[in-house]
Amino acid sequence: MQALYFIVFLSGMIVVTLFSSTSLMAQGNLMIIPRRVVFEGSKRSQTLNLANTGMDTARYNISIVHYRMKENGAFEEITQPDSGENFADKYIRFFPRSVFLAPNESQVVKLQVTGTDQISPGEYRSHIYFRAVPFEKPLGEKEVLKDTTSISVKLVPIFGITIPVIIRVGESTARVSISDVSFEMVNDTMPIVKMAFNRTGNMSVYGDIVIDYISPQGKVLRVSYIQGMAVYTPNPVRRLKVDIDRTLDIDYSKGKLHVVYTSQSDTKPETLAEAELLLH
């Protein structure tokens, strides 16, 4: 019997890592700097630096997609915005539309915003999507099948990265507070902290989280540090679960935890919200 041979393409988008510890993003063999793009004030153009860190030549098609952030921080692709959700794609121009990168080669993608002078104040967000294009075998070159009596399935994963592109118009009225802070010891070995970030106003919030343990004697120990946590519009709340340090000699049955959420800045970060939890 002649074998039946299927090629199945698995498409998967990898959403930008919100807790990245650097200003770059790397997944697979594609590195992107920076990891998010924000247009505000008089800024009308920016560039993305792409680099192929792998051993093989790669091609990526570039397009724009739309995501909604869920309450737990996960993303889902959407086509129609909810109330208070504004897309940025109508005001974004980018080129090139595809890149072809040899190993260790880099290229710049230019982004511009246009037509924002007449739109209402607020935040507009879309995501730029870099989709890997799998290389196909030349015509006439066939796969070698050892078993000609069975059905063979070849899975070809399609790799992709998305990063947010945000346009901000007018003054921000965004505010954030931290509530529902709780401590839990999972399986008696894994300490975690749960909390909710409550956002109001016309724009998203973005910053870093620091959690310190303060002993009854006043000794302060850093037990968690997370960079790049966002609560996007129009979400009023994002719930977060954070693993905290279990290697330090800490008795989490007493003392307290101090949580601070700060904006990212090269000069002086601004405290956006903070909260404390008494342990007992």
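Ser45 stands opposite Gln112 in strand β12, within the pairing of β6 (residues 45-52) and β12 (residues 106-113), which is antiparallel and extends over seven bridges. Strands, like helices, are DSSP runs numbered from the N terminus (E, at least two residues, for strands; H or I, at least four, for helices), and two strands pair if DSSP finds at least two bridges between them. The model is predicted, so that local features need pLDDT of at least 70 and side-chain atom pairs count only at pLDDT 80 or more, whereas totals for chains, interfaces and linings use all residues. Residues are numbered from 1 along each chain as its sequence is written, and side-chain values use heavy atoms, with hydrogens and water left out.

Strand β6 also pairs with β4 (residues 30-33), in the antiparallel sense and over four bridges. In this case Ile33 has Asn49 of β6 as its bridge partner. The covered face of β6 holds Gln46, Leu48, Leu50 and Asn52, while Ser45, Thr47, Asn49 and Ala51 lie on the uncovered face. Thr53 is placed in the loop between β6 and β7 (58-65). Its relative accessibility is 42%, so Thr53 counts as partly exposed (buried means under 20% relative accessible area, exposed over 50%, partly exposed in between; 1.4 Å probe, protein chains only). The C-alpha atoms of Thr53 and Asn104 are 5.3 Å apart in space, although the two residues are 51 apart in sequence.

For the chain as a whole, the secondary structure consists of 22 strands and zero helices. Of its 280 residues, 42% are buried. Among contacts (heavy atoms within 4.5 Å) with a separation of 6 or more, 69% are between residues 24 or more positions apart. The accessible surface is about 15800 Å², and carbon and sulfur atoms contribute 51% of this area; accessible areas come from the Shrake-Rupley method with a 1.4 Å probe, and for residues only the protein chains shown count as cover.

An open sheet of three strands is arranged in the order β16-β17-β20, with antiparallel pairing. Its edge strands, β16 (175-186) and β20 (237-243), each pair on one side only. Neighbouring strands of this sheet are turned against each other by 20 degrees on average, direction ignored (axes are lines fitted to C-alpha atoms, for helices over the stretch in contact, and angles run from 0 to 180 degrees between N-to-C directions). Strands β16 and β17 (residues 190-200) run antiparallel and are joined by 10 bridges. Ser179 stands opposite Ala196 of β17.

Aromatic pairs number six, where rings of Phe, Tyr and Trp (its six-membered ring) pair if their centres lie within 6.5 Å, and planes under 30 degrees apart count as stacked, over 60 as edge-to-face and the rest as tilted. The ring centres of Phe197 and Tyr261 are 5.1 Å apart and the planes stand at 70 degrees, so this pair is edge-to-face. The pair links distant parts of the chain, with Phe197 in β17 and Tyr261 in β21 (residues 256-263), 64 residues apart. Phe197 and Tyr261 are both buried. One aromatic cluster is formed by Tyr67, Phe75 and Tyr232.

Arg97 lies over the face of Phe94, 4.1 Å from the ring centre. A charge sits over a ring if NZ of Lys or CZ of Arg is within 6 Å of the ring centre and within 35 degrees of the ring normal.
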